[in-house]
Amino acid sequence: MADISGVIPDFEIEDLLKSGAIRCDEAPESGQIQPASLDLRLAVDAYRLRASFLPGKDRTVAEMLQEPGIHLHRIDLTQEGAVLETGCVYLVPLQESLRLPAGLSARANPKSSTGRIDVFTRLVTNKGKAFDEVPMGYSGPLYLEVSPRTFPIKVRPGDRLAQLRFKKKKPETLREKVVSIDLEPPAGEPAGYRAKAHSGVVDLRGLGAHEVSQFWEPVYPQNGRIVLNPEEFYILVSRETVKVPANEAAEMAPIAPELGEFRAHYAGFFDPGFGTNKGGSRAVLEVRSRDVPFILEHGQPVAKLIYEPMTEKPRHLYGGQGSNYQGQGLKLSKHFAV
């Protein structure tokens, strides 16, 4: 790898797999390596937790799971899979483990489709003191905390809910871009969708198999304004297009407290090449109001996009291999029928 700081590209991730710095229980699958990230796959079981936890600097995750009262029961994901219920916290071992070289760290984030169905995920490591962060030189297994917030989900081994981005040294922030909300859609069209309570199960492998009306209701603004109900989940879209050059990667901060009392994005990685299509691509925002009703108005800033350099240009750019969300406007996850 080049001796510079930055996010490493797809072909360097392939090198990490070949060298054993990334180890897999099963052979890597087609499409698992993205232009600037690696999809992480669920292993064969899950643990229903009493509560979320971090191991801290002196303990492994396995040691924590052996302590009385940490987990309630083990769930087998093989055979027909298993349904993870809303309001519960699960810990799932991943098929990938790491033996990172010195100077290389990693950061995890939910995949876009995960965030769009309101599934909250966080990566956990041995002796971890922070979620989603893999320290330089980490050697050990990876676990994913999974908490469906609105829809129960059916999962199986190999399902991909999160992705990992590898960083050499400490990449500098090149710039920040604030994005605002679009609440002036074309006449007769919704500005977004609000998730229905007590809907059915979302099967993660049921692509295009779920009826939109069974899970979502359209949101129509009044005079460019909507009111977010506390703890309800919305899919909205940015007013601006987002473009990520081939030599950069971007991440949207999950919340910017100074911009309002709501969380504006669960899944935050934007790969090199995103939005470089003709006409551009907008950012789909997974929005959840917090403790009080909150008024959103057209053009109101809602999130920040942070750009970092790549160490080198990826071999493949986002959108070049049939990516689901290139050229998107307002769009639900790929699980729902268009």
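Predicted model: local features only at pLDDT ≥ 70, side-chain atom pairs only at ≥ 80, totals over all residues.
**Ala106**

Leaving aside neighbours within four places in sequence, I found Ala106 in contact (heavy atoms within 4.5 Å) with Asp132, Glu133, Val134, Leu164, Arg165 and Phe166. Ala106 sits in strand 9, residues 104-110; helices (H or I, at least four residues) and strands (E, at least two) are DSSP runs, numbered from the N terminus. I then asked myself: is Ala106 buried or exposed? Ala106 is buried, at a relative accessible area of 2%. For that label I use under 20% relative accessible area as buried, over 50% as exposed and partly exposed in between, with a 1.4 Å probe and protein chains only. I also took one distance: Ala106 and Tyr220 are 114 residues apart in sequence and 40 Å apart in space, C-alpha to C-alpha.

Residues are numbered from 1 along each chain as its sequence is written, and side-chain values use heavy atoms, with hydrogens and water left out. Local features need pLDDT of at least 70 and side-chain atom pairs count only at pLDDT 80 or more, while totals for chains, interfaces and linings use all residues.

**Cores**

The largest nonpolar core has 50 residues, and Leu164, Phe166 and Trp216 touch the most other members. By nonpolar core I mean a set of buried Ala, Val, Leu, Ile, Met, Phe, Trp, Tyr and Cys residues joined through side-chain atoms within 4.5 Å. Beyond four places in sequence, the contacts of Phe166 include Gly6, Val7, Ile8, Leu98, Leu100 and Ala106. Apart from this core lies another, of 26 residues, with Val244, Ala250, Phe274 and Tyr307 among them.

**Two threonines**

I looked up Thr311 in the segment after strand 26 (301-309). Thr311 counts as buried at 7% relative accessibility. Its side chain has a polar contact of 3.4 Å with the side chain of Glu12. A polar contact is a pair of N or O atoms within 3.5 Å; within protein, one must be able to donate a hydrogen and the other to accept it, and residues adjacent in sequence count only if both atoms are side-chain atoms. Not counting residues up to four places away, Thr311 also touches a run of residues including Ile4, Ser5, Gly6, Val7 and Ile8.

Thr150 lies in the loop between strand 12 (139-148) and strand 13, and Thr150 is buried at 17%. Which side chains does the side chain of Thr150 meet in polar contacts? One is that of Asp118, at 2.5 Å, and another is that of Arg288, at 3.5 Å.

Strands 7 and 13 (residues 153-155) run antiparallel and are joined by three bridges, and Val83 has Lys154 as its bridge partner.

**Cysteines and a loop glycine**

How many disulfides does the structure hold? I counted zero, a disulfide being a pair of cysteine sulfur atoms within 2.5 Å. Cys24 is partly exposed at 25%, whereas Cys88 is buried at 12%.

Last stop: Gly31, in the loop between strand 2 (22-24) and strand 3 (33-34). Gly31 is partly exposed at 40% and touches Asp39 and Arg160, not counting residues up to four places away in sequence.

Key
Pairing = 2+ DSSP bridges.
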